[in-house]
Each structure stands twice: as structure tokens, then as C-alpha cells.
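Subject: Structure for you to look at

Hello,

I am handing over the structure below, with notes on what turned up when I went through it. Please read them with the model open.

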Amino acid sequence: MRHVFLTCLLALSCGLFALPQASRSTKATEKPTYNVLFIASDDLRPELGCYGNQLIKTPNIDRLASRGVRFERAYAQYPLCNPSRTSLLTGRYPTQTGVMDNETWFRAEHPEFVSLPQHFKANGYAALRAGKIFHGGIDDTDAWTEGGEARGFTGARRPPNTANAANANGASRASQSDRIVVLEGDGESNGDYRTATRAIEYIERHKDRPFFLAVGFAKPHSPPAAPKKFFDLYDPAKIRLPPDFAPRPAAPPGFPDISIPRRNADLFIGRDASEAEAREMIRAYYASVSFMDAQVGRVVDALDRLDLRDKTVIIFWGDHGYHLGEKGKWSKAYSLYEVGARVPLIIAAPRVKAGVSVRTVQLLDLYPTLVELCGLPIGSNLRNTKPNLSNRRPTAPSYAANWTPINMAPRSIGMAGLSSLLKIRIILSSRRRGGITDLNSRQCSLLLH
Ligand SMILES: [Ca+2]
């Protein structure tokens, strides 16, 4: 815990928490009331123009980055949707939430947790949901004033065979997930287009009261999908494969086998990828990203049109990293490599100077960051730290940024943490109700790139 203490201390010494903890009942003149536009993209690694990719077309996110702070070294807590999102949305490490798969609902074990939208709702905001924010079918339904999705089950875990039908059958999943989808028109039939439309409708309807609007785009999660015009932006012949491309997943010599699962998830499941197929899949990923970027543009343009930009904190984030053939791996699940953990993160807020931060930050810090930017009280049991928006102290002490299970057993779990120094910390822990207790840990001097 020393690192957490140090971080808090540094933050306090820098006066980061000097802002008044204004409640909605305090005088309106003390601090403006900001809206929040909280935009997530599912399975997006920092494959964007503003992150240095000169081939991909992402003009809307690039424009947002030019107006805000782009975090060069941002990491998810866990390379899988539900654990990462639950961590961010509760402000707690996966070892504290106990959620390390895509089937567990955090609130069954932790009814006392106050989720991020719930906190804004409790402080007078309209908490609005469009698209995927919590993991599919495991929403924190009552946290929202509008848009909450009924959970598909009761209890702590989704029962076997009630996940979506494609997941229940490996062969079916592979054939569904691997296909490349070309959408008609502007993609109006796709869920992401409809999510943007719904978000715009929320903004128009709630423009005169404080809102926390969470907009979760599903792309570029598999299956890759976009209208034809976005595929036409990319010539497969110009797409370069990663230098460590391989037809199937394998840990490089000298690296632990557990650092990479032997079977891919989402793409190229149980089959090899040829170089030509890999280029086509990367092209489809790029097209999906450009399609998602267009939806981000529609939503942000609505803010500008209604003159809400100066009253709104905008966050854009991806929920974990992603392999596009690096080390033969595709997608994210249980990767222990930086490419599986690093995420795009952009924060554009009123009165925050635009720039690039090279400090190592983690998605876990978004909850307290947003709470502070909006002048809300911090939860009594929440970690009180945040990404440094000003790019000061880029070498300040940081902490383990990513965790992944390496061995599951009924009463024990092996975890590996990817630290800010990109070293692996192996931890052997025991499962207990309400959390996981470290039994032993050691740090390996392995650099995983
Ligand atoms: Ca995801």
C-alpha cells in the first residue's frame, strides 16, 4: 500500500484536492456545474491518428485529443471486459472487486459499493446510459436514471449456457466472431450508430440540467463491422504486420508460457492466421475504428451545436489493450503483454490545458478524477488519487497497473501484475469472501513488449 500512500501524498502536496467539495446545494457561484460525457470504445487499443498511427483515419477522436489531455501511458487494470470495466466503474482493483471473468456481478458480493453513475445520480445528475458501459447483461441497472439494462440473471454469476448463444458453443462463436461485416449505408442498422443517436437524443433532452452521459460503443470488438466507405480507406497491401507476427499464439523464447494463452479468443479461434488473412483482419479492425470514430463525432458535434462544450468534461477511453497478431495472438484475453494492457485515454475538460501526458496512469483513477473535476464529494472508502492532468511529475512513483489470472483453483489463484515499469509481479493469493489476500509475491525483471 506504500505506493498508494505516496501517490496520495504527492497529490495532496501539489494541492490537487484543494478544490471545494461543492454539493448541489451550495451556492451556484462557487463552481460551475459540469456535465460529463463518458465515452467508451470496446476492445480499442491506442490505434488512432493522435497516437501516431499514420495510416488510420480517426479525425473526430484526433480533434478531441487536440482539445484535451492525451495520456500516452494509460493502462487498464485487466485485459478482459468485465473485470476492467467493473474496476473502473467501482474505483477498485480487480483483487478488491473479485471480478476476474465475464460472468460475475460485483454487487452480489459488494452491495455497499457505489458505482460511478450511481454516485453522480446520488448527487443530482441525470445518469444516462447508451450502449455498453458495464459488461453486457451485467448492468448496474439501478445506477442509471435512464437506460439501465435488466440483468439476465440473479445471483453472483451468470449461470452456464445462459450467456449469449454464440458463447455457449465454441464453433458457433468462432464462425460468428471471425466474420467481417460490411454494413449498408452509413451503418444505421448497427448498434453503435443507434447508440450515438440515442446519446444525441439524451443531450438534447437534458441540455438544461446536469447530466452524466455514458456512451459505450461496441466497435472495434469482433466481429469487425463498418460501412464499405470505411473499408475503402485502407489498402491491405499497405498494412504492415507486427515484427513479431506468428500464425498462432506462442510466448517468445525466455518468456513464461503463462504469459500468453495458446488459444485465441474472438479472432482466429482455434486456427492459424496466414499473413494475407492477418492483413485483411487488421484492415477490418481499422475500418471498425473509423466507423466508431464517426459515431464519436456525431455525439461531440451535438454538444457543440447546443453550446455545451464549455460546461462538459469529456472522457474517451478503451477498456483494455488488444493484440493484432503480435506473438501470434489476436484480441485480449489474459495477455500479459503491454499491447494487451495499454489503452487510449483522453480527457478534455473546461479549464484544463490541452497537451500530452507521459505519466503512467491507470483506468482505476478515472472515478476520483471525474468526481473531483465535477466538485462532488469523494466516496468515503474510495481511493483518493487521480491521473495527473498537467503532465507534471512524469516520473512520479506509480503502481501495478494490470492484473491477470494465471492459474485458477478452488481456493487459490495465481495473479500476475504488470507494473508501471513493465515488470511482472507474480502473486500467489488465496480466495476469500469479499476479496483476495496476498500470500506471497515476487517481482520478475521481465520486460514484455
Ligand atoms: Ca472489451
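Buried residues make up 49% of the chain, which has 449 residues. Please keep in mind that this is a predicted model. The chain holds 13 helices and 16 strands. Taking contacts with a separation of 6 or more, 68% are between residues 24 or more positions apart.

The core

The largest nonpolar core has 106 residues, and the members that touch the most others are V36, F212, L213 and I315. The most residues in this core, 16, come from helix α11, which covers residues 275-305. As a general point, nonpolar side chains tend to be buried together in soluble globular proteins.

Helix α11

How far is α11 enclosed by the rest of the structure? Of its 31 residues, 22 are buried, so the helix is largely enclosed. Its length also agrees with expectation: at 1.5 Å a residue, 31 residues should span 45 Å, and the end C-alpha atoms of α11 are 45 Å apart. After the helix comes D307, with a positive phi near 60°.

Strand β2 and its partners

Strand β2 takes in residues 69-75, and six of these seven residues are buried. Parallel to β2 runs strand β12 (residues 355-362), joined to it by six bridges. With strand β11 (residues 345-348) the pairing is antiparallel, over two bridges. Strand β10 (residues 342-343) is also antiparallel to β2 and is joined to it by two bridges. Which residues does V69 pair with in β11 and β12? In β11 the bridge partner of V69 is I347, and in β12 it is G355. For the pairing with β10, A74 has V343 as its bridge partner.

Backbone points to check

Most residues other than glycine have a negative phi, and most peptide bonds are trans.

- The peptide bond from K219 to P220 is cis, with omega near 15°. P220 sits in the loop between β5 (211-217) and β6 (225-227).
- S222 and P223 are joined by a cis peptide bond with omega about -5°. P223 is likewise in the loop between β5 and β6.
- F268 is not a glycine, yet its phi is positive, about 50°. F268 lies in the loop between α10 (228-231) and α11. With 25 other C-beta atoms within 10 Å, F268 is buried, since 20 or more are needed for that label.
- S331 has a phi near 75°, again positive in a residue other than glycine. S331 belongs to strand β9 (residues 330-331). S331 counts as buried, because 25 C-beta neighbours fall inside 10 Å.

Regards

Methods: Residues are numbered from 1 along each chain as its sequence is written. This is a predicted model: local features need pLDDT of at least 70, side-chain atom pairs count only at pLDDT 80 or more; totals for chains, interfaces and linings use all residues. A nonpolar core is a set of buried Ala, Val, Leu, Ile, Met, Phe, Trp, Tyr and Cys residues joined through C-beta atoms within 7 Å. A residue is buried if 20 or more other C-beta atoms lie within 10 Å of its own, exposed if 12 or fewer, and partly exposed in between; C-beta atoms are placed from the backbone. Helices (H or I, at least four residues) and strands (E, at least two) are DSSP runs, numbered from the N terminus. Two strands pair if DSSP finds at least two bridges between them. Two residues are in contact if their C-beta atoms, placed from the backbone, lie within 7 Å. The expected span of a helix is 1.5 Å times one less than its number of residues.
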